[in-house]
Amino acid sequence: MIPWEKIDTAKIPGSDEELRLMRRGKEFSIKLGTNELMNNRLSGSEAALATLAAKQIETVAKPVVLIGGLGMGFTLRAALAVLGSKAKIVVSELVPAVVAWARGPMAEVFGDSLDDARVKIRETDVGAIIRAQRSAFDAILLDVDNGPEGLTRKGNDALYNASGLKAAKVALRPGGVLAVWSSGPNPAFTKRLGSAGFDVNEVNIRATGRGGGARHVIWIARKS
């Protein structure tokens with residue numbers, strides 16, 4: 001068995017927590033304490049976050065999409081695969097080192113996705129982008145934590161409370177979609193989405209996307 005090797009660490013802005021990038025052969029893992037946040041062998045549900053949202057806006061000729069959280073690029077690469085050549089994708093990543101990892105040790109995992117002309121990377125809090133915009137996006141895809149409760153950074157809670165959902169709705173265009181990834185169910189969050197005026201569909205999906213792995217949840221919330 002090949003042992004895990006620690007490649008790098010990175011402080012999370014606004015938190016005392018630290019991310020660790022680990023490698024074992026061609027397998028990569030990003031960890032926070034004892035929690036594995038992502039692994040390049042388990043990409044199915046994060047990719048589904050993009051494909052499910054894209055299906056909802058497939059009639060939009062020039063979609064503008066905001067992705068919160070670069071991670072290992074699963075959602076970004078899936079979005080590039082299903083959105084047309086006229087799409088624009090803004091990726092917000094709070095931790096600059098994650099972007100550096102994507103261009104450095106994990107460059108083979110990311111391929112040429114970061115250099116696609118449709119993509120713009122912003123090293124900032126996705127919440128700040130959402131709050132600064134009005135009717136700007138056809139879809140907002142959030143995978144910045146383990147779900148609608150902050151694990152990596154307590155400030156992430158502000159994305160999912162009533163105020164955060166209101167801001168997301170304002171930032172979306174009519175018929176736009178807010179898609180949220182979670183490692184598990186959260187009935188209270190489902191209720192908050194409905195109270196915020198979204199039409200909500202909760203989708204259960206396996207981590208591998210092929211019927212295996214842990215059960216994850218994706219909320220597809222449409223602005224009417």
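Ring pairs link Tyr-160, Phe-189 and Trp-219 into a cluster. Keep in mind that this is a predicted model.

**Exercise 1.** Work out how the aromatic pairs are arranged and which parts they tie together.

*Solution.* 
- Start with the count: searching the whole structure turns up two aromatic pairs.
- Take Tyr-160 and Phe-189: their ring centres are 5.7 Å apart, with 90° between the planes. Planes over 60 degrees apart count as edge-to-face, and that is the class of this pair.
- Tyr-160 sits in helix α6 (residues 157-160) and Phe-189 in helix α8 (residues 187-195), so the contact ties together parts 29 residues apart in sequence.
- Now Phe-189 and Trp-219: this pair is also edge-to-face, at 4.9 Å centre to centre and 85° between the planes.
- Trp-219 belongs to strand β11, so its pairing with Phe-189 of helix α8 bridges 30 residues of sequence.

**Exercise 2.** Decide whether Phe-189 and Trp-219 are buried or exposed.

*Solution.* 
- The cut-off for buried is under 20% relative accessible area.
- Phe-189 comes in at 0%, so it counts as buried.
- Trp-219 has 0% as well, so it is buried too.

Methods: Residues are numbered from 1 along each chain as its sequence is written. This is a predicted model: local features need pLDDT of at least 70, side-chain atom pairs count only at pLDDT 80 or more; totals for chains, interfaces and linings use all residues. Side-chain values use heavy atoms; hydrogens and water are left out. Rings of Phe, Tyr and Trp (its six-membered ring) pair if their centres lie within 6.5 Å; planes under 30 degrees apart count as stacked, over 60 as edge-to-face and the rest as tilted. Helices (H or I, at least four residues) and strands (E, at least two) are DSSP runs, numbered from the N terminus. Buried means under 20% relative accessible area, exposed over 50%, partly exposed in between (1.4 Å probe, protein chains only).
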